[in-house]
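The sequence and the model are shown first.

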Amino acid sequence: LTSEEATVDTDNHDTFSRGNVVLTSLSTGERLESQSLQWKASRERIMTDTPVTVTRGKNIIRAQGLEADPELGEITFVKGVRMDIQQVPTPKATQTP
């Protein structure tokens, strides 16, 4: 995760990041961009109510707010979801003699 600023609550380990926040999943390479992002340590969830962009390969999802696991495997978008989906070409069928 990168951001311009971050605040960590040393009692509960919650973190609030703000300013050009970028989170990249190490396992999948998916990328989340927002102006703020909060980590709730007790729930092991990230969340924001600001506009977000999630890039999965060539697919781009934009929304107003989300809640997700830290690897971006399970994401719940809050509202205003828009998706740009790139179709994967279907392999041509071949016939064997």
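## Ser34 in strand 3

Ser34 belongs to strand 3, which spans residues 31-40. The model described here is a predicted one. With a relative accessible area of 5%, Ser34 is buried, because the limit for that class is under 20%. The side chain of Ser34 makes a polar contact of 2.6 Å with the side chain of Thr50.

Leaving aside residues up to four places away in sequence, Ser34 touches Asn20, Val21, Thr48, Thr50, Pro51 and Val52.

In soluble globular proteins, nonpolar side chains tend to be buried together.

## Strands 5 and 6

Strand 5 pairs with strand 6 (residues 75-84) in the antiparallel sense, over 7 bridges. Within this region, Glu67 has Thr76 of strand 6 as its bridge partner. The hairpin of strand 5 and strand 6 has 6 residues between the strands, and Leu72 takes a positive phi near 65° there.

## The loop between strands 3 and 4

Ala41 is placed in the loop between strand 3 and strand 4. Its relative accessibility of 21% makes Ala41 partly exposed. Although Ala41 and His13 are 28 residues apart in sequence, their C-alpha atoms are 5.9 Å apart in space. Not counting residues up to four places away in sequence, Ala41 touches Asn12, His13 and Asp14.

## Salt bridges

The structure contains 8 salt bridges. Side chains of opposite charge can pair when their charged atoms come close. One of the salt bridges joins the side chains of Glu33 and Arg31, at 3.3 Å from N to O. Both partners are partly exposed: Glu33 has a relative accessible area of 31%, and Arg31 has a relative accessibility of 34%.

A second example is the salt bridge of Arg43 with Glu67, whose closest N and O atoms are 2.5 Å apart. This pair links distant parts of the chain, since Arg43 is in the loop between strand 3 and strand 4 while Glu67 is in strand 5, 24 residues apart. Arg43 is partly exposed at 45% relative accessible area, and Glu67 is partly exposed at 24%. Glu67 also forms a salt bridge with Arg45, with the closest N and O atoms 3.3 Å apart. Glu67 lies in strand 5 and Arg45 in strand 4, so this pair ties together parts that are 22 residues apart in sequence. Arg45 is buried, with a relative accessible area of 13%.

Arg43, Arg45, Glu67 and Glu74 are linked in a network of salt bridges.

Key. Residues are numbered from 1 along each chain as its sequence is written. This is a predicted model: local features need pLDDT of at least 70, side-chain atom pairs count only at pLDDT 80 or more; totals for chains, interfaces and linings use all residues. Side-chain values use heavy atoms; hydrogens and water are left out. Helices (H or I, at least four residues) and strands (E, at least two) are DSSP runs, numbered from the N terminus. Buried means under 20% relative accessible area, exposed over 50%, partly exposed in between (1.4 Å probe, protein chains only). A polar contact is a pair of N or O atoms within 3.5 Å; within protein, one must be able to donate a hydrogen and the other to accept it, and residues adjacent in sequence count only if both atoms are side-chain atoms. Contact means heavy atoms within 4.5 Å. Two strands pair if DSSP finds at least two bridges between them. A salt bridge is a side-chain nitrogen of Lys or Arg within 4 Å of a carboxyl oxygen of Asp or Glu.
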